[in-house]
Amino acid sequence: MANQDKQKMAIVVGAGAGGVSTAARLAKAGFRVTVLEKNSFTGGRCSLLHYEGWRFDQGPSLLLLPRLFHNTFRDLDTSLEGEGVRLIKCTPNYNIWFGDGERFQLSTDLAHMKQEIEKWEGKDGYSRYLAFLQESHRHYELSVTHVLLRNFTSILSMMRPSFLIHLFELHPFESIYSRASKYFWTERLRRVFTFSSMYMGMSPFDAPGTYSLLQYTESAEGIWYPEGGFHTVIQALVRIGERLGVEYRLSTPIEKINIHSDGSHATGVTLANGEVMNADVVVNNADLVYSYNNLLPKTPYASSLSERPTSCSSISFYWALDRKIPQLDGHNIFLAEEYRESFDAIFKKHLIPDEPSFYVNVPSRPDPTAAPEGKDAIIVLVPVGHLHDPDEAASISHNKTNGIASTGGAPYHRRNKTGQR
């Protein structure tokens, strides 16, 4: 009992991917951990939607950087395989469709890529593609070492020499599109190698060149899908946490994070029902802007976050089809003919483009368990301008439909991304 009294307490707010993985790590480090989740399920945005035998991922639809996932499980003295998580490689990576019906197929197979590149860029195009991969590989390695695995607690954190000496190699002051244009001479391939900025809710004409690292990891490490959907990864982390003593309290919203009177640190949380829970450490995995404005004391910084530009929104359709669509692979991109104009409509005018680029995911292609036999589950994601009215955004977020339909069509819901870029 005495040892338990000395054990430090940790509270994690939110049972999304970051929350459950952090909770397991804290428990392994010796903390008594409680995870507080407002929803009745874990996973946060990484949740599943079920409908009469069809399954849809409501959050991510592809797994990148598999090495980091393997490292997380290894740090917890286990493995993805040991926890029953099977990663399926998606082949090809994408089918990318142009307005005239022509297609480019992105793959990890270099021989296949040579044929695809030379079709549009000529014989010397492949050597330029390899040079692009070399640059994006550099972006990837530098970003993982000096950014992803480091804490940036203030602007001064960016001043450390180990980061600054590589700053210009990351091309943060040029756009992805301008960097791609140095290697690809046709407009079509410039689009093929820049569309992924949509993942971050950014225009390829504004996103820093550093983010070509996404193209690199897809080309070098592939795109993966967890059998059973992305929530299987979350479930595995929850099970690990439970073995280590983590307590999960679902349907438990918090009212506020309690701060010491001198403002130096968090002391715990107050739940929506008035219960006060004290802790030595509070980890907040809720949305950044919401947390600063609703869970923490009001500050000018919190107000300034609300005024910052947001990324784009999206309209999502979930279609339970009564047949298979063999023309579609697991991941499909349909690019607008007016490529730049479509992004300007989204990011500068905050509208739905007349002809948007959009993404079609078929989870039943890599994993047939996502739909009944002989049928397909299809998710269509259309990037659109973000909503200006916070009340309207909240209303749509809280009253969204499931968007389930048969072949004849579907309702949708619109997501407003609030992550700061």
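## Glu118

Glu118 counts as buried, at 17% relative accessibility; buried means under 20% relative accessible area, exposed over 50% and partly exposed in between, with a 1.4 Å probe and protein chains only. Glu118 is found in helix α4, residues 110-121. Helices are DSSP runs of H or I with at least four residues, strands are E runs of at least two, and both are numbered from the N terminus.

Beyond neighbours within four places in sequence, Glu118 is in contact (heavy atoms within 4.5 Å) with Lys123 and Tyr126.

## Basis of the model

The model is predicted: local features need pLDDT of at least 70, side-chain atom pairs count only at pLDDT 80 or more, and totals for chains, interfaces and linings use all residues. Residues are numbered from 1 along each chain as its sequence is written, and side-chain values use heavy atoms, with hydrogens and water left out.

## Helix α11

Helix α11 spans residues 288-295. Val289, Ser291, Asn293 and Leu295 are buried there. Their cover includes β10 (254-259), β13 (281-284) and α12 (300-307).

At the start of α11, the backbone nitrogen of Val289 lies within 3.2 Å of a side-chain oxygen of Asp287.

## Ala370

Ala370 sits in the loop between β16 (358-361) and β17 (377-384). Ala370 is buried, with a relative accessible area of 0%. Leaving out residues up to four places away in sequence, Ala370 touches Gly53, Trp54, Arg55, Pro363, Ser364 and Ala377.

Technical notes:
A polar contact is a pair of N or O atoms within 3.5 Å; within protein, one must be able to donate a hydrogen and the other to accept it, and residues adjacent in sequence count only if both atoms are side-chain atoms.
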